[in-house]
Amino acid sequence: MYKRHLKLTSLLISIIYFAGCASHMPATQKKLSEADYLLLANEIKTSLLENESKIKTIKGNAAIEVKSNAMQSALRLNSIIRFKRPDIMRIITSKLSFTIFDLTFNGKDLWFYVPSEKKVFTGAFDETSKINGFGVSFKPYNLFNIFNYNSLFKDNDFFLETDNGLLVMRIVDPLKGSNHLLANLYIDQSYNVMKYEMFDDNKIVKTLITFKYYTELEGCRLPKVIEIMWPQDNAFFNLTFRSFAVNQTLSDKIFNFSLPEHTEVVPVSNWH
């Protein structure tokens, strides 16, 4: 296994080198074969999914920054984050000693509680649903699926290319043809995703996620900084972990939202 990884690492370095020097290559220089690219693409996919499968839970404290067109300046918050595989999450944010919002998702139902408004938004949602108001603006779907590459690769085709010397994994919809691009993953030499672009049906970026400062805990690779942008909405949601731990036992009770008294329940559809 070590020899195989060493061979593929050498192949990765070669691909980046040849891509960067393509314009200066002699005509007789042998280009890398499609088989080499396919081999490396499958190795990267396997590495991403193996790392993902190791992350059972995340428990952390983070700084969150939110910005949108409706806000004159970015809103900076402290937060407590709990995540449980595959897509269960709770984020409680505060400023000074006041809770700004409490976002809970248990895999099928979502609650967005705003104490200052005495309202909780709840119900079904999809990737287009947007929280917009109360000093925040973001799409919760992207938060819950940050560490879910399995669903991205499932039933989709992928291939590897180079773009300005960087390795790019292109994810396409096989039912709509190889030109129907769903996402781009920009990969570094350690097989970490540094940038994740998602496209709409018009091939325009609808979500851009940037990952920075990877660290390894309990055999899992995780970024310390996650920056999410929605270019079409001119909004962003940046999360910087101050501390975190992985694979600690998290009680299911953490993700059971209890409706406070005298709180108005509002359908999540009102976000649109």
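The legends below describe close-up views of a predicted model.

**View 1. The largest pocket and its lining.**
The largest pocket holds about 500 Å³ of space. Its lining is made up of 20 residues, and those closest to the pocket centre are E127, Y141, L152, L182 and K206. By residue class, the lining of the largest pocket consists of 8 nonpolar, 6 polar and 6 charged residues.

**View 2. Helix α2 and its buried face.**
Helix α2 covers residues 34-54, 21 residues in total. At 1.5 Å a residue the helix should span 30 Å, and the distance of 31 Å between its end C-alpha atoms agrees with this. The buried residues of α2 are L40, A41, E43, I44, S47, L48, N51 and E52. Seen down the helix axis, the buried residues of α2 fall within an arc of 165 degrees, so they line one face of the helix. In an α-helix there are 3.6 residues a turn, so residues three or four places apart point the same way. E34, A35 and L38, on the other side of α2, are exposed.

**View 3. The aromatic pair Y149 and Y196.**
The rings of Y149 and Y196 form a tilted pair, with 5.9 Å from centre to centre and 40 degrees between the planes. Y149 belongs to helix α4 and Y196 to strand β12; the two are 47 residues apart, and the pair links distant parts of the chain. Y149 has a relative accessibility of 8% and therefore counts as buried, the cut-off being under 20%. Y196, at 7% relative accessibility, also counts as buried.

**View 4. The aromatic cluster of W111, Y113 and F257.**
W111, Y113 and F257 form one aromatic cluster. The count of aromatic pairs in the model comes to 6.

**View 5. The largest cavity.**
The model has 2 cavities of 30 Å³ or more. About 130 Å³ of space lies in the largest cavity. This cavity is lined by 14 residues, with N51, F147, Y149, Y214 and R221 nearest its centre. Helix α2 and strands β13 (205-217) and β14 (220-230) are the elements that give two or more residues to the lining. The lining of the largest cavity divides into 10 nonpolar, 2 polar and 2 charged residues.

Of its 13 lining residues, I81, M89, I146, I226 and L239 lie nearest the centre. Strands β2 (75-84), β3 (88-95), β14 and β15 (235-246) give two or more residues to this lining. β15 gives the most, with 3 residues. The lining of the second largest cavity has 13 nonpolar residues, no polar and no charged.

The peptide bond from R85 to P86 is cis, with omega near 5 degrees. P86 sits in the loop between β2 and β3. Both of these strands give two or more residues to the lining of the second largest cavity.

**View 6. Y191 and its positive phi.**
Y191 is a residue other than glycine with a positive phi, near 65 degrees. Y191 is placed in the loop between β11 and β12. With a relative accessibility of 2%, Y191 counts as buried.

**View 7. N234 and A235 at the loop between β14 and β15.**
N234 is found in the loop between β14 and β15. Its phi is positive, near 50 degrees, in a residue other than glycine. N234 is partly exposed, with a relative accessible area of 48%. A235 lies in strand β15 and counts as buried at 3% relative accessibility. The C-alpha atoms of A235 and K67 are 5.4 Å apart in space, although the two residues are 168 residues apart in sequence.

Methods:
Residues are numbered from 1 along each chain as its sequence is written. This is a predicted model: local features need pLDDT of at least 70, side-chain atom pairs count only at pLDDT 80 or more; totals for chains, interfaces and linings use all residues. Side-chain values use heavy atoms; hydrogens and water are left out. On a 1 Å grid over the protein atoms alone, a cavity is a set of points where a 1.4 Å probe fits but cannot get out, and a pocket is an open set with protein on both sides within 12 Å along at least five of seven lines; lining residues have an atom within 4 Å of a point. Grid points are joined across faces, edges and corners, and a volume is the space filled by probe spheres set on the points. Ala, Val, Leu, Ile, Met, Phe, Trp, Tyr, Cys and Pro count as nonpolar, Asp, Glu, Lys and Arg as charged, and the others, Gly among them, as polar. Helices (H or I, at least four residues) and strands (E, at least two) are DSSP runs, numbered from the N terminus. The expected span of a helix is 1.5 Å times one less than its number of residues. Buried means under 20% relative accessible area, exposed over 50%, partly exposed in between (1.4 Å probe, protein chains only). The arc is that of the directions from the helix axis to the C-beta atoms. Rings of Phe, Tyr and Trp (its six-membered ring) pair if their centres lie within 6.5 Å; planes under 30 degrees apart count as stacked, over 60 as edge-to-face and the rest as tilted.
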